[in-house]
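Q: I have not looked at this one before. Can you walk me through it?

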Amino acid sequence: LPATYKYYAAPRVEKEAFLMAEINDYSKYNLLQGEANIIFEGMYVGKTFINTNQTSDTLNLSMGRDKKIAIKREKVIEKSGTKFLSSKKEQTFTFDITIRNNKKEAIQLLLKDQYPLSPDKEIEIELVESNNAKINTETGILTWDLDIKPKETKKVRISYKVKYPKDKKIINLK
């Protein structure tokens, strides 16, 4: 089937890239709903599920992980840290996400990350750096649409500050 291939990665959750196949106007192929074998570049890579019971005119199929796309998400220690202000504590978190395309062809990668949000008025969160990501302020999700040439390495940075009262304990900040 003719498909558009795009890679998807969310390195905060999983350090690997997943290949997605987008098939436009799939209804003309009379596909049946159910499990399908995935054969990619002449090799069996696993199974996927074809869901034809959807309202979109594009069918998205997961083609599995691609080990030739290397992704690393690292905390930048010299740009991260804690400051104590008069009555508040301020923590800065900075992360570099490095993507290397080890394939022989260019790829399109949809990269996602997230910064925390707080419903508590005493906790202020400020996104400091997002490297031109599309920002969803309701979910805190940052999205980059990257074109990466063969053997090319790209890096994006995310940085945010969290200010909260000194006496408050916040767990799972990262």
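What follows is a short chat about strands, the core and a few loop residues.

A: Keep in mind that this is a predicted model.

Q: Start with the core. Which residues have the most contacts inside the largest nonpolar core?
A: They are I99, L109 and L111, in a core of 34 residues.

Q: Which elements give two or more residues to this core?
A: They are β1, β2, β3, β5, β7, β8, β11 and β12.

Q: And what is I99 in contact with, leaving aside its neighbours within four places in sequence?
A: I99 is in contact with I69, A70, I71, L109, L111, L146, I148, E152, T153 and K154.

Q: How does β8 pair with β11, and over how many bridges?
A: β8 and β11 are antiparallel, with eight bridges between them.

Q: New topic. What do β3 and β4 form?
A: A hairpin, with two residues between the strands. β3 covers residues 34-40 and β4 residues 43-50, and they pair in the antiparallel sense over seven bridges. In β4, K47 is the bridge partner of N37. In the turn, E41 has a positive phi of about 50°.

Q: Where does K103 lie?
A: In the loop between β7 and β8.

Q: Is K103 buried or exposed?
A: K103 counts as buried because its relative accessible area is 3%, and the cut-off for buried is under 20%.

Q: What does its side chain make a polar contact with?
A: The side chain of K103 makes one with the side chain of D66, at 3.1 Å. Not counting residues up to four places away in sequence, K103 touches Y7, E41, D66, K68, I69, P150 and K151. E41 in that list is the turn residue of the β3 and β4 hairpin.

Q: Which loop has N30?
A: The one between β2 and β3. N30 is not a glycine, yet its phi is positive, about 50°. N30 is exposed, at 67% relative accessibility.

Q: And where does N131 lie?
A: In the loop between β9 and β10. N131 is partly exposed, with a relative accessible area of 35%.

How values were computed: Residues numbered from 1 in each chain as written. Predicted model: local features only at pLDDT ≥ 70, side-chain atom pairs only at ≥ 80, totals over all residues. Heavy atoms only, no water. Pairing = 2+ DSSP bridges. Helix = DSSP H or I, 4+ residues; strand = E, 2+ residues; numbered from the N terminus. Core = buried A, V, L, I, M, F, W, Y, C linked by side-chain atoms within 4.5 Å. Buried < 20%, exposed > 50% of the residue type's maximum accessible area, 1.4 Å probe, protein only. Contact = heavy atoms within 4.5 Å. Polar contact = N/O pair within 3.5 Å; in protein donor to acceptor, adjacent residues only side chain to side chain.
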